[in-house]
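Colleague: I would like to learn how to read the contact between two chains. Please take me through it step by step.

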2 protein chains.
Amino acid sequence: MERIKPRTLSGFRDRLPGDSLQKERLIHQLTATFRAFGFAPIETPHLEYAETLIHQGGEEIKKEIYRFQDHGERDVALRFDLTVPLARFVSQHKNDLGLPFKRYAIANVFRGERAQAGRYREFTQCDFDCIGSTPLTTDAEIIQMIHASLLGIGIQNFTISINHRQLLDGLCAQHGLESHTQTILRIIDKLEKIGEEKVKEELQKAGVSKASATAILHFTQHQGFGFDFIEQAKPLCQNDSMAQSLESLREVLTLLESGGVDLSRIKIDFSIARGLGYYTGIVYETKLNDCPEMGSISSGGRYDNLTQTFSSEPMPGVGASIGLDRLLAALEKLGQTDSSQTPADVLIVTFDAALMPYAYAQAHQLRNAGINTETYPIADKLKKQLSYANRKGHRFAILIGEDEAKEQSVTLKNLESGEQHEKVPLDSAIEIIQTINKENTCA
Amino acid sequence: MERIKPRTLSGFRDRLPGDSLQKERLIHQLTATFRAFGFAPIETPHLEYAETLIHQGGEEIKKEIYRFQDHGERDVALRFDLTVPLARFVSQHKNDLGLPFKRYAIANVFRGERAQAGRYREFTQCDFDCIGSTPLTTDAEIIQMIHASLLGIGIQNFTISINHRQLLDGLCAQHGLESHTQTILRIIDKLEKIGEEKVKEELQKAGVSKASATAILHFTQHQGFGFDFIEQAKPLCQNDSMAQSLESLREVLTLLESGGVDLSRIKIDFSIARGLGYYTGIVYETKLNDCPEMGSISSGGRYDNLTQTFSSEPMPGVGASIGLDRLLAALEKLGQTDSSQTPADVLIVTFDAALMPYAYAQAHQLRNAGINTETYPIADKLKKQLSYANRKGHRFAILIGEDEAKEQSVTLKNLESGEQHEKVPLDSAIEIIQTINKENTCA
């Protein structure tokens, strides 16, 4: 028989148990936060008509998208994000959904980018959006949810940088550059990457005068915290569009503060432009103060024209996306991950195949008591079974030999402390495990 | 601007919030069961080298698989199940995993079957497998997990039918039909679908004598429960292979009983063949007694040669798959679903945009008390906001008007009973909600 080399495609990867447990824990915590805000899950297919996805996607997307003909010769593609499918979904089901519509989705997307370290062609996005609501309450709520999501997974030290797209629109208008706004925003978006001088150069290449380029750059360099910064920024906002945008930022700060957000984590930063064409209002990105080099781990903003591909009816929306893979990498870097490769607390170790029914009965009772319990299925040598537990990260072993079975007891071994309780009734073992588990949870 | 009709591909579907909440609940319960047995999650890519998937797949799979060339002109395909990727995964990572290896995976797979009612081209499978263990303890454990999974989601009335492939192999051998075994098994697998007469006909067409066809058919019609059935079946098992297989079934029953499985749910059924070529030992399928027409909602068995595509080293495995979509359809049919379309208990209803900061402060405190709380983001008319709550299924509304804000209070409305608590402190409202929630949980 011809053999095939077992391998994944370049840019794709497997997740082994330790990694997957970490990811499931994170998804569980994020889901809890999204639900706490009343956001409901939805699911769309991985595969869509190509036209649905590429219509608004631009050239870069067309290059990266996985696109092919299906069995019915339809032109289909794998989704490259969760936002375009949301626009399609809302347009298609709006009569069944009711507005405002608040949804989250945690799912995989595909981009055939050039493979590079830490970048994958299949990755997981966590999106949450509210469709159909114009007031700033919704902008504030999405920011509040980023804040709550990070706290929920145990990250405290982060900064959400916010800005208003119309502040930048107004700035361009002030310099008579309305028609260049998109280009200018795209260049400003590169500030952090290419530096001040290059940005100035590129602005001038795009037809902005040296004086305007300097003024625009100067403006975008303002950043600060809280209501004090808003006051300080007032003189900088000289036309209506700019003044109104600043006022909107103030209103959002007020709502955030009421909603329990620590404003020392909210930076107003006039350089945040979010390159994507579809943003129309307040925009934000989020960095971990302890690993800023990771870039933004959650970005978002208001987009008022997202469904225009499908419908002439305007449909305002606000949403954000959390990059799960980046977040996992960050947690690892911060040492906030757990090395266990098993969801089980206990491994049942049996010395003799004939004792397996007794072992299964003990396992059943442990599970009934809410203790995740794995049975080692083979009556292997003690050493081999304990080394399995050690490798996987079980915290307890329950040893079952002839004596234990005869006396209707078990021997409990705490694999962390080495402490051993010999031939105790199972109920006592359960009590000991539960007490230690409780102590660990509270610690 | 040219508009595009928002639509999903034929055979694909969206899940709206009510449906998705149901699915998430089910996945949560199944995951809890898999973890209770110490099975850990893994994740493999949706996309694989086509050769990885089709090597063992057979003609049907080749017709149904979504296969195309990627940007690097690699021959790639979307996975059509979770078992072949597991074989690839285990072969690739065996040094990092350690054996026995117990994993679960809940993920989507793709088959371009002809679209028909209730059949989708993208659907969700829940697989759990143990690789690297030969003893029957593992066969018993997988069956035990099917049993626990169904109890865990609130289904009591079901039957797991089990058989041993070598019982049928032995039967064929007894009639001198060793070389026809695969063909005979495939025909017997159709018994329920095409009936006794047709099976007899097909067996004869396949070269089985009339007498052997009658005898084989007669044998496969035996079924029954528990150790009594094993005793009764003894005279039917006349060669070593058959006698050993029956003994294995007895051993599994012993382990299941020790593991808390109600043996009245375990039927031994000599007709269960599981058409798939790769099974080599004990096999099973599961039907809900209240909707048997749904077919098997969980099937599995022992496969000892799964990794042979990738490695000459033999690697025994036992596993089962739960069809999530079928299970969801069954729960709906049994009336065991919940009509709520929101994960939030409470909707905050605000009468005046100026009160939004106060509303956000109340929402924050409710969430801190563990109560999922949605804010209606617009100061719409009361009627509109309550009709939104009614449509989504919130159980409480917290009304916030000028008086409430002035008195630092809220008005709580129980949307199920209509009962209203006017201008009470938020703490009292929280207490009332928690008390009612607790009553509902215990009911």
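Modeller: What follows goes from the contact to the symmetry and then to salt bridges.
This is a predicted model, in which local features need pLDDT of at least 70 and side-chain atom pairs count only at pLDDT 80 or more, while totals for chains, interfaces and linings use all residues. Residues are numbered from 1 along each chain as its sequence is written, chains are lettered from A and ligands numbered from 1 in the order in which they are written, and side-chain values use heavy atoms, without hydrogens and water.

Colleague: How many residues does the contact take from chain B and from chain A?

Modeller: Contact means heavy atoms within 4.5 Å. Here chain A gives 107 residues and chain B gives 107 residues.

Colleague: What is the area buried between chain B and chain A?

Modeller: Buried area is the accessible area (1.4 Å probe) that two parts lose on being put together, summed over both. Between chain B and chain A this comes to about 9300 Å², with 58% from carbon and sulfur atoms. On the side of chain B, the residues that lose the most area to chain A are B:Ile4, B:Leu9 and B:Tyr360, together 8% of what that side buries.

Colleague: How do I read the relation between two copies?

Modeller: Two copies of a chain are related by a rotation about an axis and a shift along it. The same surface serves both copies, as 100% of the contact residues of chain B recur in chain A.

Colleague: How many salt bridges are there between chain B and chain A?

Modeller: A salt bridge is a side-chain nitrogen of Lys or Arg within 4 Å of a carboxyl oxygen of Asp or Glu. The count between chain B and chain A is 14, and over all chains it is 56. One of them pairs B:Lys102 with A:Glu374 (3.8 Å, N to O). This pair crosses between chains, from strand β5 (residues 101-110) of chain B to strand β14 (residues 373-375) of chain A; strands (E, at least two residues) are DSSP runs, numbered from the N terminus.

Colleague: Is B:Lys102 buried or exposed?

Modeller: Buried means under 20% relative accessible area, exposed over 50%, and partly exposed in between (1.4 Å probe, protein chains only). B:Lys102 counts as buried because its relative accessibility is 4%. A:Glu374, at 2%, also counts as buried.

Technical notes: Helices (H or I, at least four residues) and strands (E, at least two) are DSSP runs, numbered from the N terminus.
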